[in-house]
Amino acid sequence: MKSSKLDHSVSNCWPRPIAPNALGSQAMDDILKTTKKVRKELQLIMWQYVGIVRSTIRLQTAEEKISELENNWERCLFQKGWEQTMVGLEACEMRNLFCCAKLVVSSALARHESRGLHYTIDYPHVEESKRPPTVHGVPDSCTSRPFVRKFMKTFVNGSIIMILAIEI
């Protein structure tokens, strides 16, 4: 097995992450409550609009609702004193959930056939030979802006999603 060397100079490209300790317990409690509520709302959007039976209109509605929810959540964080370089478990998880939700929706919108368990009413019939794998990049609107890798690709094959991060 080859050993790998880390290039520590790459880490100077981004500001150092900081813990949100300076916000105080009341602000953190508010942020945690809001994040918990937003997480449930995102789950509901995905359940209602990106479920097993899909349509282009419902997927586009989900895309809009997810973006609006994410923007409102971020606005709330920053109003409570959150800074862009702050990291907290719940905030990181929420950002990852938003990113994954956007990838699932964009992948579903790119598909013009039913795939696996997921059925699209807009394209009910398609030949097996016309089912190439889907390759998508990270949406520009992913919220982990200072920490997003230079390139990230998602390979979707059937209903299995694998995310590969490539740091350059």
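Which residues does Thr-120 touch, not counting residues up to four places away in sequence? In this predicted model, they are Arg-54, Ser-55, Glu-113 and Ser-114, where a contact means heavy atoms within 4.5 Å. Thr-120 sits in strand E2, residues 119-120, and counts as buried, with a relative accessible area of 9%. Buried here means under 20% relative accessible area, exposed over 50% and partly exposed in between, with a 1.4 Å probe and protein chains only.

A word on the ground rules. The model is predicted, so to speak of local features takes a pLDDT of at least 70 and side-chain atom pairs count only at pLDDT 80 or more, while totals for chains, interfaces and linings use all residues. Residues are numbered from 1 along each chain as its sequence is written, and side-chain values use heavy atoms, with hydrogens and water left out.

Now for the overall layout. The chain has 3 helices and 5 strands, arranged α-β-α-α-β-β-β-β from the N terminus on. These are DSSP runs numbered from the N terminus: helices (H or I) have at least four residues and strands (E) at least two. Of the 168 residues in the chain, 33% are buried. Among contacts with a separation of 6 or more, 62% link residues 24 or more positions apart. The chain exposes about 11,100 Å², with carbon and sulfur atoms supplying 56% of it; the areas come from the Shrake-Rupley method with a 1.4 Å probe, and for residues only the protein chains shown count as cover.

The helices come next. The expected span of a helix is 1.5 Å times one less than its number of residues. The 24 residues of H2 (residues 56-79) should span 34 Å, which agrees with the 35 Å between its end C-alpha atoms. H3, with 22 residues, should span 32 Å and has its end C-alpha atoms 32 Å apart.

As for what is tucked away, the buried residues of H1 include Val-38, Leu-42, Ile-45 and Tyr-49, and their cover includes H2 and H3. In H2, the buried set includes Leu-59, Ile-66, Trp-73 and Cys-76, along with Glu-70 and Glu-74. Helix H1 (25-49), strand E1 (53-54) and helix H3 (89-110) are among the elements covering the buried residues of H2. H3 has Met-94, Phe-98, Leu-103 and Val-105 among its buried residues, and Arg-95 and Lys-102 are buried there too. Just after H2, Gly-81 takes a positive phi of about 100°.

What about empty space? Rolling a probe the size of a water molecule over the atoms shows where such space is left. A search of the whole structure turns up 1 cavity of 30 Å³ or more, and the largest cavity holds about 40 Å³. A cavity is a set of points on a 1 Å grid over the protein atoms alone where a 1.4 Å probe fits but cannot get out; lining residues have an atom within 4 Å of a point. Grid points are joined across faces, edges and corners, and a volume is the space filled by probe spheres set on the points.

The lining of the largest cavity consists of Met-28, Ile-31, Leu-32, Thr-35, Trp-82, Gly-88, Glu-90 and Ala-91. H1 and H3 are the elements that give two or more residues to this lining, and H1 gives the most, with 4 residues. Ala-27, also in helix H1, is buried at a relative accessible area of 13%. Ala-27 and Trp-82 are 55 residues apart in sequence, yet 9.1 Å apart in space, C-alpha to C-alpha.

How values were computed: On a 1 Å grid over the protein atoms alone, a cavity is a set of points where a 1.4 Å probe fits but cannot get out, and a pocket is an open set with protein on both sides within 12 Å along at least five of seven lines; lining residues have an atom within 4 Å of a point.
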